[in-house]
Amino acid sequence: MKKTIMFAAAVAILTACCTEKQTYTIPLPEDVVMYQVNPRVFAAENSFNAVAEHLDSIKMLGTNVVWFMPIYEVGQENSVNSPYCIKDYKALNPEFGTMEDFTGLVNLCHEKGMSVIVDWVANHTSWDNAWVAEHNDWYTKDEEGNIVSPANTGWLDVADLNFDNPEMRLAMIDAMKWWVENAGVDGFRCDAADFVPFDFWKQALDSLRAIPDRKLLMLAEGKRKDHFDAGFEMNYAWDFMEGMRNVFIRDSSATILYDIDKEEYASLPAGKVKLRFTTNHDEAAKMSPVKEFGNERGSMSAFVITTWLHGGALIYGSQEVGYPEAINFFHHVPVDWSANSALFGEYVKLMSLYNEYPAARKGVMTAWNNADAMVFSKEVESERILVLANVRDKEVTVDVPEAWQGHECTDLMSGSAVALDESLTLEPYGYRLLKY
């Protein structure tokens, strides 16, 4: 407790600037381009400062929301050094830097027109979190009265919280509000959100949105439909990710992705969005997208489909330079940010177009079935874009939609004119973005 009080006092001088009325704009969910920061790929220590030096490159990717993985002090008891093992919800991990470093980084993001959300781990804490000793009844227990880890997870480094306890809920919400009011963050990516009761999320989000003069963006890591009733703007498109694996890895027909897209959005309230991705920290810990989707070209075809079909874009820090190996986020993994300038430039171009043309993010989608390629148009008012993406590591010839035949279009990636015939051949894992 003493440490927490001292920590809060140390940042009191910064609080005023963080609680001033918001003067930058948090994007609408449908316009979000999110960049996930794993501090441990930026530096072995003082990584907040290393991220600050990299912000211009992050901004070049069209980013308007920066998501930081957990920045809190990591527990030591039964520890595997996971950032999702929280010892103190109001203390920073000293591995990453100081509160002054982090607040300065948040302010710098805001100056560059990017909002900041931070990971929130509501489901569990470390075993040496002060709550374990001081509030034993805040945790889930077995029949013998022993605190337990989250059931059926294998997460033995953490203790499961009991959401039937109203005092624990209030302490959790107080800690969330602390980061909004003292560090200036603009919302949260809520870890393991499907494990946490609906009524807690509703209580927490209602309390957070009652903070004066603050607009927040809330992302749930989960796919429960009641997340949106609780007040989240976005949750995860896990089904779409699995569909992408079926298509690219198991050779399923590309048409299944249209069915999954329709199902994921079937009952979403207006303005809510599924976050779609080809990788994130969990997926990259298993395999690089460059390997998972066949090769670098496969990873880009997958990224175009995932991003342009229905919006909700995410880039995990490292994929933009084609990092070829898995990234274990429990320790420092150095990434060479200059390793693949051509691929970085391709991401920059793609996301520049994505932000430039509203049709890419939120246009009405029309699909044409092809087992080996995604062929769909996006339309907003008079703006029409045709997306063709080969999901196979071989040449594929696709029928050009009749409405597009005979038209001269612009290839958005190259800027060159393209006269469309009845068919078009795509290179292995190739894609085309055409506009007329």
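This is a predicted model: local features need pLDDT of at least 70, side-chain atom pairs count only at pLDDT 80 or more; totals for chains, interfaces and linings use all residues.

Me: Which residues of H13 are buried?
Reply: Gly298, Ser299, Met300, Ser301, Ala302, Phe303, Val304, Ile305, Thr306, Thr307 and Trp308.

Me: What span should H13 have, and how far apart are its end C-alpha atoms?
Reply: H13 covers residues 296–308. At 1.5 Å a residue, its 13 residues should span 18 Å. The end C-alpha atoms are 18 Å apart, so the two agree.

Me: And H14, how many residues there?
Reply: H14 has 16 residues, 341–356. From first C-alpha to last it reaches 22 Å, close to the 22 Å expected.

Me: Which H14 residues are buried?
Reply: Leu343, Phe344, Glu346, Tyr347, Val348, Leu350, Met351, Leu353 and Tyr354. Note that Glu346 is on that list.

Me: What do the buried residues of H14 pack against?
Reply: Helices H3, H13 and H15 (358–362), plus strands S1, S12 (313–316) and S20 (431–435).

Me: Switching to H6 and H7. At what angle do their axes cross?
Reply: Roughly 40°, and the axes come within 10 Å. H6 is residues 166–183 and H7 is residues 198–209.

Me: Is the crossing of H6 and H7 left-handed or right-handed?
Reply: Right-handed.

Me: Which residues meet there?
Reply: H6 brings Arg169, Leu170, Met172, Ile173, Met176, Lys177 and Val180. H7 brings Asp199, Phe200, Gln203, Ala204, Ser207 and Leu208. The residues of this contact divide into eight nonpolar, two polar and three charged.

Me: Remind me, why do residues three or four places apart point the same way?
Reply: An α-helix has 3.6 residues a turn, so that spacing points the same way.

Me: Is cysteine 85 buried or exposed?
Reply: Buried, because its relative accessible area is 0% and the cut-off for buried is under 20%. Cysteine 409 is buried too, at 2% relative accessibility.

Me: Where are asparagine 46 and glutamate 381?
Reply: Both are in loops. Asparagine 46 is between strand S1 (33–37) and helix H3 (47–60). Glutamate 381 is between strand S14 (373–380) and strand S15 (383–390).

Me: Buried or exposed, those two?
Reply: Asparagine 46 is partly exposed, with a relative accessible area of 38%. Glutamate 381 counts as exposed, because its relative accessibility is 76% and the cut-off is over 50%.

Me: Last one, valine 80. Where is valine 80?
Reply: In the loop between strand S3 (72–74) and strand S4 (86–92). Valine 80 is partly exposed, at 43% relative accessibility.

Me: What is valine 80 in contact with, beyond its neighbours in sequence?
Reply: Asp157 and Phe330, leaving aside neighbours within four places. Histidine 331 is 251 residues from valine 80 in sequence, but 9.4 Å in space, C-alpha to C-alpha.

Key
Residues are numbered from 1 along each chain as its sequence is written. Side-chain values use heavy atoms; hydrogens and water are left out. Axes are lines fitted to C-alpha atoms, for helices over the stretch in contact, and angles run from 0 to 180 degrees between N-to-C directions. Helices (H or I, at least four residues) and strands (E, at least two) are DSSP runs, numbered from the N terminus. A crossing is left-handed if the near helix is turned anticlockwise from the far one by less than a right angle, and right-handed if clockwise. Contact means heavy atoms within 4.5 Å. Ala, Val, Leu, Ile, Met, Phe, Trp, Tyr, Cys and Pro count as nonpolar, Asp, Glu, Lys and Arg as charged, and the others, Gly among them, as polar. Buried means under 20% relative accessible area, exposed over 50%, partly exposed in between (1.4 Å probe, protein chains only). The expected span of a helix is 1.5 Å times one less than its number of residues.
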